[in-house]
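Hello,

Here is the structure I promised to pass on.

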Amino acid sequence: MRFVLALILTVILGYILGLFLDWWSIALAAFIVALFWQQSPGRAFGSGFLAVFLLWGVLALVIDVRNGHILSTRMSELILKTGLPLAMILITSVIGGLVGGVSALSASVLRPVKRSK
């Protein structure tokens, strides 16, 4: 349940911060959620990765559909030498997911460890 809540909070905070800040705001959102929502480092990475992967994937897909797949097709032809616009959306989502995952992982590792006496 913590995983799903951290995922939802990261998506919401990432979207809101993305309206006012640059692309790096997703790292800030994942870091803040992982810092205040205690999880193991593996789960923090997973929730940060999945949240930003889904957020950037949906946003990139919406933008791509609105412009008729023009930019993603051209970039796919330039970089991948194929005309697959969805491949560019997938690559964008994975890169964003890695940024969010590493940011959440960093925050979970920075949390002080509670020691029992």
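**The largest pocket**

The largest pocket holds about 520 Å³ of space. Please keep in mind that this is a predicted model.

Helix 1, helix 2, helix 3, helix 4 (70-79) and helix 5 (85-110) each give two or more residues to the lining of this pocket. Helix 3 gives the most, with 8 residues. In total, 24 residues line the largest pocket. Nearest its centre lie Trp56, Leu59, Ala60, Ile63 and Thr92.

**The cavity**

How many cavities of 30 Å³ or more does the structure hold? There is 1. The space in the largest cavity comes to about 30 Å³.

Its lining is made up of Ala6, Thr10, Ala30, Val33, Ala34, Gln39, Ser47, Gly48 and Ala104. At least two lining residues come from each of helix 1 (2-20), helix 2 (25-36) and helix 3 (41-66). Here helix 2 gives the most, with 3 residues.

By type, the lining of the largest cavity has 5 nonpolar residues, 4 polar and no charged.

**To take away**

Two points to check on your screen.

Best wishes

How values were computed: Residues numbered from 1 in each chain as written. Predicted model: local features only at pLDDT ≥ 70, side-chain atom pairs only at ≥ 80, totals over all residues. Heavy atoms only, no water. 1 Å grid on protein atoms, 1.4 Å probe; cavity = no way out; pocket = protein on both sides within 12 Å on 5 of 7 lines; lining within 4 Å. Points joined across faces, edges and corners; volume = space filled by probe spheres on them. Helix = DSSP H or I, 4+ residues; strand = E, 2+ residues; numbered from the N terminus. Nonpolar A, V, L, I, M, F, W, Y, C, P; charged D, E, K, R; others polar.
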